[in-house]
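Please look over the sequence and the model before reading on.

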Amino acid sequence: PDLIEARSCGTPVPFTLTRLVGPDGCDVPDGDVGEIWAAGPAITPGYWGRDKVEVFEGDWFRTGDLGRFGPGGDLYMVDRLREIIRSGGTNVYPAEIEQVLIGHPAVREVAVVAVPDARFGEVPLAVVVPKDGAQPTLEELDEFTRGRLARYKRPRHVVLADELPRNASEKIEQIGRAHV
């Protein structure tokens with residue numbers, strides 16, 4: 001059998017239909033990013049205490065995850081729909097920025113969030129937990145991201161933190177204005 005390409009989730013599960021849907025409710029073209037919708041007997045019937053219409057469109061479960069299909073039909077996770085940064089009419093995916101910034105030698109952990117911007121609507125802010133003794137600056141991180149990220153994806157602000165807020169299962173919690 002073929003090996004699954006790195007960072008791919010593999011092919012959709014048998015007996016489960018999977019589609020990628022744009023904001024207009026239509027399927028996106030192959031290779032484009034869309035929200036992952038799934039239907040079939042293995043799909044949850046809903047969430048405890050939540051109305052089914054919040055997460056279903058007919059029989060289709062709206063996952064809230066963004067993905068794209070690769071050329072071999074493998075599914076690639078891109079980010080969470082609610083975490084998209086809408087900057088100047090363009091969707092920016094925090095996970096893409098985080099993958100680049102984590103490669104900086106002074107960065108231990110990073111989370112990227114949207115902050116309001118008068119000109120672009122929203123811009124990326126990087127919350128950085130530096131490695132011991134490091135104090136990375138916005139200028140230093142901006143220089144590091146040149147050639148790795150398009151200009152509109154590069155963080156416009158950096159906040160240094162001792163740690164990122166985590167829930168009981170150690171997942172990074174959604175970072176809001178109270179944290180930055």
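## Helix α1

In helix α1 (residues 94–101), the buried residues are P94, I97, V100 and L101. Buried means under 20% relative accessible area, with exposed over 50% and partly exposed in between (1.4 Å probe, protein chains only). Helices (H or I, at least four residues) and strands (E, at least two) are DSSP runs, numbered from the N terminus.

Contact here means heavy atoms within 4.5 Å.

## Basis of the model

The model is predicted: local features need pLDDT of at least 70, side-chain atom pairs count only at pLDDT 80 or more, and totals for chains, interfaces and linings use all residues. Residues are numbered from 1 along each chain as its sequence is written, and side-chain values use heavy atoms, with hydrogens and water left out.

T145 is placed in helix α2 and counts as buried, with 0% relative accessibility. Its side chain reaches the backbone oxygen of D142 at 2.9 Å. Leaving aside residues up to four places away in sequence, T145 touches V100, L101 and R154.

V129 belongs to strand β9. With 4% relative accessibility, V129 counts as buried. Not counting residues up to four places away in sequence, V129 touches V107, R108, E109, A161, D162, E163 and L164. V129 and D74 are 55 residues apart in sequence, and their C-alpha atoms are 33 Å apart in space.

## Strand β4 and its partners

Strand β4 (residues 60–69) is mostly covered, with 9 of its 10 residues buried. Two strands pair if DSSP finds at least two bridges between them. Strand β2 (residues 34–39) runs antiparallel to β4 and is joined to it by 4 bridges; A38 has F61 as its bridge partner in β4.

Strand β3 (residues 56–57) pairs with β4 in the antiparallel sense over 2 bridges, and E57 has W60 as its bridge partner. The hairpin of β3 and β4 has 2 residues between the strands, and G58 in the turn has a positive phi of about 65°.

β4 and β5 run antiparallel, joined by 5 bridges, with M77 in β5 as the bridge partner of G67. Their hairpin has 5 residues between the strands, and G73 takes a positive phi near 90°.

Technical notes
Polar contact = N/O pair within 3.5 Å; in protein donor to acceptor, adjacent residues only side chain to side chain.
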